[in-house]
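Subject: The structure you asked about

Hi,

Have a look first, then read my notes below.

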Amino acid sequence: MTRPRILVTRRWPAAVEAILSERFDATFNSDDIALDAGQLREALRSYDAVLPTVSDKLPASLFEGDAIRTKILGNFGVGFNHIDIAATKEKGIVVTNTPGVLTDCTADIAMLLLLSVARRGGEGERELRAGAWTGWRPTHLVGTKVTGKTVGIIGFGRIGRAFAQRCHFGFGMDVVFYNRSAIDPMEASRYGAVQLQRVEDVLAASDFVSLHCPGGEENRHLMNAARFAAMKPGAFLINTARGDVVDETALISALEQGTIRGAGLDVYEAEPNVPERLKTMENVVLLPHLGSATEETRTAMGMKVVDNVTAFFEGREPPDRVV
């Protein structure tokens with residue numbers, strides 16, 4: 001029996017690629033350079049399965065016509081706003097993702113960003129590496145205390161809860177959150193958290209605001225000029241969700257005008273492009289989308305894709321089907 005043809009759009013952990021090679025007629029992107037629209041369009045016409053990542057943009061235009069061969073997109077990641085879901089539904093293409101396995105590592109990165117921007121860690125390292133540190137002094141790089149402050153979380157799913165746990169039990173922080181659906185107060189209390197009714201209520205109460213909501217049109221520019229203005233003076237924004245959740249122009253303005261004190265970012269609107277004005281700001285910590293970047297997590301994500309695609313081609317329901 002002919003094995004299904006699959007395309008893996010970027011390099012994955014070696015252990016995962018080995019299993020894909022065993023089970024499928026697998027093609028790998030040996031150069032690890034993001035495919036352009038033409039290459040992705042051709043892949044949808046040539047392979048039974050395409051295994052994309054967040055760096056692969058799959059708009060509706062790529063699915064036009066009757067020559068689509070692909071029956072499943074095994075997405076490497078939780079978020080799938082880079083895929084036009086309406087188009088996949090119309091074509092009957094199954095889409096799966098990789099929830100659960102990256103929860104802790106993404107929450108860790110959010111905590112790293114919060115601590116780094118609050119205590120001016122990025123500024124300190126740059127100064128030291130540049131040979132500009134002249135020694136200890138009482139007024140040098142004075143930041144803000146984290147312990148005992150209030151953190152506001154937008155989106156109280158797996159990652160939001162894991163982040164709340166770290167903040168409350170690790171640093172004694174008060175936790176408030178907004179979630180589009182109601183969370184049982186007893187469940188929220190497990191994380192030392194209290195649900196508020198509006199995003200603005202969270203912004204007004206919080207010394208740190210951390211985003212853990214899905215990307216896509218529903219939440220595009222959820223953090224805009226009005227909402228930056230609603231934050232407490234001297235507050236910080238942390239984003240490990242999706243870049244499109246934040247209006248970067250409004251963020252830059254809020255930082256330059258002192259509306260908020262700083263930001264810690266792991267994701268951006270037009271990755272890998274980051275606005276030059278953000279790069280020049282000392283009160284911003286910038287990471288290159290490292291949320292799930294541990295050996296254990298990236299391997300676990302790949303294995304989830306393997307399980308989903310294997311189930312599909314064996315006629316079983318993929319465990320992480322989103323479409």
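By salt bridge I mean a side-chain nitrogen of Lys or Arg within 4 Å of a carboxyl oxygen of Asp or Glu. Asp 201 counts as partly exposed at 25% relative accessibility, and Arg 198 is partly exposed too, at 45%. For these labels, buried means under 20% relative accessible area, exposed means over 50%, and partly exposed is in between (1.4 Å probe, protein chains only).

Before going on, some housekeeping: this is a predicted model, where local features need pLDDT of at least 70 and side-chain atom pairs count only at pLDDT 80 or more, while totals for chains, interfaces and linings use all residues. Residues are numbered from 1 along each chain as its sequence is written, and side-chain values use heavy atoms, with hydrogens and water left out.

How many salt bridges does the structure hold? There are 20. One of them joins Arg 10 and Asp 32, with the closest N and O atoms 3.1 Å apart. That pair links distant parts of the chain, 22 residues apart: Arg 10 is in the loop between β1 (5–8) and α1 (14–23), and Asp 32 is in the loop between β2 (25–28) and α2 (37–46). The helices (H or I, at least four residues) and strands (E, at least two) are DSSP runs, numbered from the N terminus.

Arg 11 forms a salt bridge as well, with Glu 17, and there the closest N and O atoms are 2.7 Å apart. Glu 17 is buried, with a relative accessible area of 7%, whereas Arg 11 is partly exposed at 40%. Asp 104, Asp 108 and Arg 166 go beyond a simple pair and are linked in a network of salt bridges.

Most residues other than glycine have a negative phi, and most peptide bonds are trans. With that in mind, go back to Asp 32: its phi is positive, near 55 degrees, and it is not a glycine. Asp 32 is partly exposed, with a relative accessible area of 32%. His 221 also has a positive phi, of about 55 degrees. You'll find His 221 in the loop between β9 (208–211) and α9 (225–230). Is His 221 buried or exposed? It is buried, with a relative accessible area of 19%.

For the peptide bonds, check Glu 271 and Pro 272, which are joined by a cis bond with omega at about 5 degrees. Pro 272 is in the loop between β11 (262–265) and α11 (276–279).

**Around α2**

Asp 36 caps the N-terminal end of α2, with a side-chain oxygen 3.1 Å from the backbone nitrogen of Gly 38. Which residues of α2 are buried? They are Leu 40, Ala 43, Leu 44 and Ser 46. What covers them includes β1, β3 (49–51) and β4 (72–74).

Asp 48 is found in the loop between α2 and β3, and it is buried at 18% relative accessible area. Its side chain reaches the backbone nitrogen of Arg 5 at 2.7 Å. The side chain of Asp 48 also makes a polar contact with the side chain of Arg 69, at 3.1 Å. A polar contact here is a pair of N or O atoms within 3.5 Å; within protein, one must be able to donate a hydrogen and the other to accept it, and residues adjacent in sequence count only if both atoms are side-chain atoms.

**The nonpolar cores**

A nonpolar core is a set of buried Ala, Val, Leu, Ile, Met, Phe, Trp, Tyr and Cys residues joined through side-chain atoms within 4.5 Å. The largest one has 30 residues, and those that touch the most other members are Leu 211, Met 223, Phe 228, Met 231, Leu 237, Leu 251 and Leu 278. At least two residues each come from α8 (199–205), β9, α10 (248–256) and β11. Which of these gives the most to the core? That is α10, with 5 residues. A second, separate core has 28 residues, including Ala 107, Val 151, Phe 208 and Val 285.

Enjoy exploring!

Conventions:
Contact = heavy atoms within 4.5 Å.
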